[in-house]
Amino acid sequence: MNRAVSNLRARHVARLGSFCASSSSSSSPASEAWDGRFRLHKPRGQHLLTNPRVLDAIARHAALRPGDAVLEVGPGTGNLTARLLASPAARVSAVEIDPRMVDAVTARASALNLAHKLTVILGDAVETDFPEFDVCVANIPYGISSPLIAKLLFGTYRFRTATLLLQKEFARRLVAKPGDSEYNRLAANVHMVAETRLLMDVSKRDFVPMPRVDSSLVEIRPRVDMPEADLAEWLAFTRECFGQKNKTLGAIFKQKRKILELFKRSHRTKRCADDAPGRGVILGVLDDDNDEACSDDDGNDDNGRSDVVAGFNKEDVGAFKERIANALESTELAGKRPSQLSNDELLRLLRLLNERGVWFQ
Ligand SMILES: C[S@@+](CC[C@H](N)C(=O)[O-])C[C@H]1O[C@@H](n2cnc3c(N)ncnc32)[C@H](O)[C@@H]1O
């Protein structure tokens, strides 16, 4: 072990006291390993980050300022929480689903004489209301990545940055740019409201128990210059576009079934707007693209039904189809795949479609 690592280890053992004085069950070079006092549940994503250099780097990247209110999701036994509490931040609120972890992180803060800075909330981070915070820093359970990011970015929270440790593949998809092979609905939606930056990769060997996947640290910074857009309408629009992201927009919006669905939705939207103005954003996952096979590129329905306009005036549906084709033509996007397009281009198309009475939610 080199001297720097050895010094680091000695410093952390001293700082964290009995918590890490136990024997290491990890292969990490210097470890704040779990002492096995209770069973860790993998289905709950209980993979503790035990490499002090990585934990220090996360806290450093979060760039906490004096007076900051920090939100941590899934503090576990407090390996990261200890750093956040020792930072210049004024307070840390941690949301944890497992009561055993709540006890462990609370005891740890007390052992560090920093309990006055910590509030632990027992609950599911996807369901629980968060207190106000300036910065979110977390090594989250990867199973809640998408709903948690949706909640942070499309909810009512106002914050400076979220520094999140995520599954490496998910992180790559989150930071992807139009034209990248990984570009997808998640990235398009998140980039509508935030900027993302890949900060560093973290090996699976730095966790106890070792997960099957590697991780990456990502910074998410909400935009101050949000484009003028109805976010609920945008989310519904990207669901249609990226549901079949390998088809061209022309092919996607030529499908009879799709046109009929949009026709119904647009008329329902008009009724709802008349009855109850002000639709809110319905939160859900942001990245449910699945390239479903429901039609070929010629726009023929795969189920061969000929009665798809049953119950509707065929001429109205035909005119509606024309309006969609017309919007695609005037933006010159018919031959493009959604994954090649910037949000500005997609937003321009959405606006034109809305102006022509085509609505997605
Ligand atoms: C990957 S561990 C991280 C633990 C700690 N932050 C660390 O870095 O060592 C994830 C933690 O999130 C908790 N957790 C899992 N699902 C949760 C949820 N829906 N809401 C809040 N916490 C959750 C787990 O119990 C676990 O403590």
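Colleague: Quick overview first: how many helices and strands does the protein have?

Modeller: There are 12 helices and nine strands. Keep in mind that the model is predicted.

Colleague: And what share of the residues is buried?

Modeller: Buried residues account for 39% of the 361 residues in the protein. On contacts, take the pairs at least 6 apart in sequence: 71% of those join residues at least 24 apart.

Colleague: OK, on to the ligand. Which residues come nearest?

Modeller: Leu49, Gly74, Gly76, Ala125 and Asn139, out of 23 residues around the ligand. The elements that give two or more residues to that shell are strand S1 (48-49), helix H3 (79-86) and strand S3 (91-96).

Colleague: How does the shell divide into nonpolar, polar and charged?

Modeller: It has 12 nonpolar, seven polar and four charged residues.

Colleague: Which residues does the UniProt "binding site" annotation cover?

Modeller: The entry, which is unreviewed, lists His47, Leu49, Gly74, Glu96, Asp124 and Asn139. Leu49, Gly74 and Asn139 are also among the residues that come nearest to the ligand.

Colleague: Let's take Leu49. Where is it found, and is it buried or exposed?

Modeller: Leu49 sits in strand S1. It counts as buried because 20 other C-beta atoms lie within 10 Å, and the cut-off for buried is 20 or more.

Colleague: What does Leu49 touch?

Modeller: Leaving out residues up to four places away in sequence, Leu49 touches Val54, Leu55, Asn79, Leu80, Asn139, Asp206 and Phe207.

Colleague: And Gly74: where is that one, and why is it called buried?

Modeller: Gly74 is in the loop between strand S2 (69-73) and H3. It is called buried because it has 24 other C-beta atoms within 10 Å.

Colleague: Changing topic: what does the domain assignment give?

Modeller: Domain 1 covers 2-222 and domain 2 covers 231-355. The contact between them takes 19 residues from domain 1 and 21 residues from domain 2.

Colleague: Which elements of domain 1 give two or more residues to that side?

Modeller: Helix H5 (145-154) and H7 do. H7 provides the largest share, seven residues. By class, the side of domain 1 that touches domain 2 has 10 nonpolar, six polar and three charged residues.

Colleague: What feature does UniProt place at residues 54-224?

Modeller: That unreviewed entry has "domain: Ribosomal RNA adenine methylase transferase N-terminal" there. In the model, the span is 33% helix and 27% strand, and its end C-alpha atoms lie 30 Å apart.

Colleague: One more, helix H6. Which of its residues are buried?

Modeller: H6 runs over residues 168-175, and Ala171, Arg173, Leu174 and Val175 are buried.

Colleague: What do those buried residues pack against?

Modeller: They pack against strand S6 (161-167), helix H7 (185-193), strand S7 (194-202) and strand S9 (215-222).

Colleague: How many bridges join S6 and S9, and how many join S7 to S9?

Modeller: S6 and S9 pair in the antiparallel sense over six bridges, with Gln167 opposite Ser215 in S9. S7 and S9 also run antiparallel, joined by eight bridges. Asp201 has Ser216 in S9 as its bridge partner.

Key:
Residues are numbered from 1 along each chain as its sequence is written. This is a predicted model: local features need pLDDT of at least 70, side-chain atom pairs count only at pLDDT 80 or more; totals for chains, interfaces and linings use all residues. A residue is buried if 20 or more other C-beta atoms lie within 10 Å of its own, exposed if 12 or fewer, and partly exposed in between; C-beta atoms are placed from the backbone. Helices (H or I, at least four residues) and strands (E, at least two) are DSSP runs, numbered from the N terminus. Two residues are in contact if their C-beta atoms, placed from the backbone, lie within 7 Å. Two strands pair if DSSP finds at least two bridges between them. Domain bounds come from an automatic or database domain assignment. Ala, Val, Leu, Ile, Met, Phe, Trp, Tyr, Cys and Pro count as nonpolar, Asp, Glu, Lys and Arg as charged, and the others, Gly among them, as polar. A residue is near a molecule or strand if its C-beta atom, placed from the backbone, lies within 6 Å of it. UniProt positions are given in the numbering used here, feature names are shortened, and annotations may be inferred rather than shown by experiment.
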